[in-house]
Amino acid sequence: MALTDEFQALNKAFSGVGIDENSLISILGKWHPEERKSFRKETPHFFKQDERHFERWDDQHVKHLKHEFMRFKNAVVLWTMHSWERDARLVKEALKKGPQTYSVLVEIACTRSAEELLGARKAYHSLFDHSIEEDVAYHIDGPEGKLLVALVSAYRYEGPKVKDDTAKSEAKTLAHAIKNADKRNPIEDDEVIRILSTRSKPHLKEIYKHYQEISGHNIDEDLDDALRLKETVQCLCTPHTYFSQVLEISLRNGVDKSIKKGLTRVIVTRADADMKEIKEEYRNRYGVSLTEKIEATANGNYKDFLLTLAARGG
Amino acid sequence: MATLIASENFSPTEDAEVLRRSVEGWGTDEKAVISILAHRNAAQRYEIRLAYEELYHEDLIKRLESELSGDFEKAMYRWILDPTDRYAVLAHVAIKKSETDYNVIVEISSTLSPEELLAVRRAYQLRYKHSLEEDLAAHTTGDIRKLLVALVTTYRYDGSEINAKLANSEADILHDAIKDKAFNHEEVIRILSTRSKTQLMATFNRYRDDHGISISKNLLDAGADNFQKALHVVIRCLNDPKKYFEKVLRHAIKRTGTDEDALTRVIVTRAERDLKDIKEFYYKKNSVHLEHAVAKETSGDYKAFLVTLLGQEA
């Protein structure tokens, strides 16, 4: 390979999500000191010229590299875990990281089955000597806190039985609350919280249908100004759409660290569940296959691991 | 300690046969029914139901429901159910009353262990095809709803870890909330419904040490709307269930016109748990034995049944 090709390859090996270990071994491993020096001189975003005449690694980039090298390890550890421990640790991390990761709380509370959520709560007891609801209530104030506590505490009925007239009237209640959003944020409406946090998923899907008839829109479209509620409704009623969106954002260039983690989280947590449907939804929405996108964006062992997991759905 | 005197030589088939003879033909031999069922623990009663079903292809419970009547029938129906099923039925009855009997809901959610409460929620779903919280939320409003739903959906950490600093700060929060009659309901609900029982005991002790008065006495003085009354019940149930049950019994009996529902509920639900301790406490407080008080205010088969459950030999 010509030197510039190799530089480019190495550049790519160090960029994107995950690290292309093989390139590093085959290229970097065989370079002599002069070739490595050239590399350092030609990559100002990795190396800065120091006043004492040597090329010095940019500290930030080394930190960044650490995260990227760890991506594979994190994915493997998360994958091997019992799903209860996995969800409990994801909840704890989301609570620690703060408001920008609270959507993970909604995700876990609303896309898991009643027994899976229960399992996560048990594991949380063992791992952290607290209940999930205790920590969520303590760390998150106001109406958002109330919604999240309620979602995380739910043990929803999972049978198919749905009362149609109740669903209709509850759809009206929601439509009314959303229409008056300028007077009061729907998340502060007790009835909205009651319906979303206690009703069964089949019942909510029925409400979703009736809402569509009443307002002419899908309920999540009308909740653009109430992000938590939007996520809640999506996770409860259209999880595949929700997950495909999380994946798409996580695969964009230059996004936040915590958003990038969505890629690992969704693939690892859904590989045995509804990966097939998520891939279909992703292709329908974005016109490209998820596997192609991962192939193009991720590197090395991390990429191979993700692709292996994602292929499980068939 | 339990008051139930369960037989040691036990044959479910023999019992099923005796029960069959006592319900066949004209009228029912209630004494025989009592002499068997009131001397069988939950596991034994379950086996008897199975044996009866196998021998006679009929549900023993349904048969008894049709043969017995009045307060005796209600009591026997509740007694013969599996304990978790029983609590589910009691909860449902309490919810469906024209004004939800919140005491029963608080009692159930605060005196059971986290695992037992979970089992009740499952039993409720099986029976009524709704989740407990869904029905409860739909039949209550305002702060009472928030408190009750939080209490039934919580899955408290059941370990012995205590955070003393937290106990201190939360004792203060509770004290301030009670003092300013403008209750900070949210914080009170958060603390009482999410913290573990050991953490709450530490908090209540701290409360008494810092403010010289127990939190439940303080609440009593503070006033008497439904929400405050419910809080009072929560605290008493968490603090010392046997004292709480003694009070329920005392009121149920002393009231002009005995409250049979409450009397039945306490005796039937505690006979296999701690009715003996409750009895001892009752005697201490009222200088009369519970069996005598019950015998004075009730009659017939209902009386005979209760008194047998209370441990009185026939």
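Predicted model: local features only at pLDDT ≥ 70, side-chain atom pairs only at ≥ 80, totals over all residues.
**Stop one: the domains of chain A**

Begin by colouring chain A by domain. The assignment gives domain 1 (3–57), domain 2 (83–155), domain 3 (158–237) and domain 4 (241–310). Keep domain 2 and domain 3 of chain A in view; their centres, taken over C-alpha atoms, are separated by 21 Å. In the contact between these two domains, domain 2 of chain A takes part with 17 residues and domain 3 of chain A with 14 residues.

Next, display polar interactions. The two domains share 5 residue pairs in polar contact. On the side of domain 2 of chain A that touches domain 3 of chain A, helix H6 (102–111) and helix H9 (142–153) each supply at least two residues. By class, that side has 10 nonpolar, 3 polar and 4 charged residues. The count of salt bridges between these domains is 1. Select also Glu144(A) and Arg228(A), which form a salt bridge with their closest N and O atoms 2.5 Å apart.

**Stop three: salt bridges within chain A**

Over all chains, the whole structure holds 58 salt bridges. Which parts of chain A does the pair of Glu93(A) and Lys261(A) tie together? Their side chains meet in a salt bridge at 2.7 Å, N to O. Glu93(A) lies in helix H5 (residues 83–97) and Lys261(A) in helix H15 (residues 257–270), so the pair ties together parts that are 168 residues apart in sequence. Glu93(A) is partly exposed, with a relative accessible area of 31%, and Lys261(A) is partly exposed at 35%.

Move to Glu191(A) and Arg194(A), whose salt bridge has its closest N and O atoms 3.0 Å apart. Both residues lie in helix H11 (residues 190–198) of chain A, 3 residues apart, about one turn of the helix. Is Arg194(A) buried or exposed? Arg194(A) is buried, with a relative accessible area of 8%, whereas Glu191(A) is partly exposed at 24%.

Now extend the selection to Glu170(A), Arg199(A), Glu134(B) and Arg145(B); together with Glu191(A) and Arg194(A), these residues are linked in a network of salt bridges.

**Stop four: the interface of chain B and chain A**

Show both chains. Here 28 residues of chain B are in contact with 27 residues of chain A. The two chains bury about 2,600 Å² between them, 53% of it on carbon and sulfur atoms. In chain B, select Glu134(B), Tyr155(B) and Tyr157(B), which lose the most area to chain A, together 24% of what that side buries.

Across this interface there are 6 salt bridges and 16 residue pairs in polar contact. Helices of chain B that give two or more residues to the side touching chain A include H8 (114–128), H9 (132–139) and H10 (142–153). The largest share of that side, 5 residues, comes from H8(B). The residues of the side of chain B that touches chain A divide into 6 nonpolar, 7 polar and 15 charged.

Finish at Glu115(A) and Arg122(B), whose side chains meet in a salt bridge (3.2 Å, N to O).

Note on methods: Residues numbered from 1 in each chain as written. Chains lettered and ligands numbered in written order. Heavy atoms only, no water. Domains from an automatic or database assignment. Contact = heavy atoms within 4.5 Å. Salt bridge = Lys/Arg side-chain N within 4 Å of Asp/Glu carboxyl O. Polar contact = N/O pair within 3.5 Å; in protein donor to acceptor, adjacent residues only side chain to side chain. Helix = DSSP H or I, 4+ residues; strand = E, 2+ residues; numbered from the N terminus. Nonpolar A, V, L, I, M, F, W, Y, C, P; charged D, E, K, R; others polar. Buried < 20%, exposed > 50% of the residue type's maximum accessible area, 1.4 Å probe, protein only. Buried area = accessible area lost by both parts, 1.4 Å probe.
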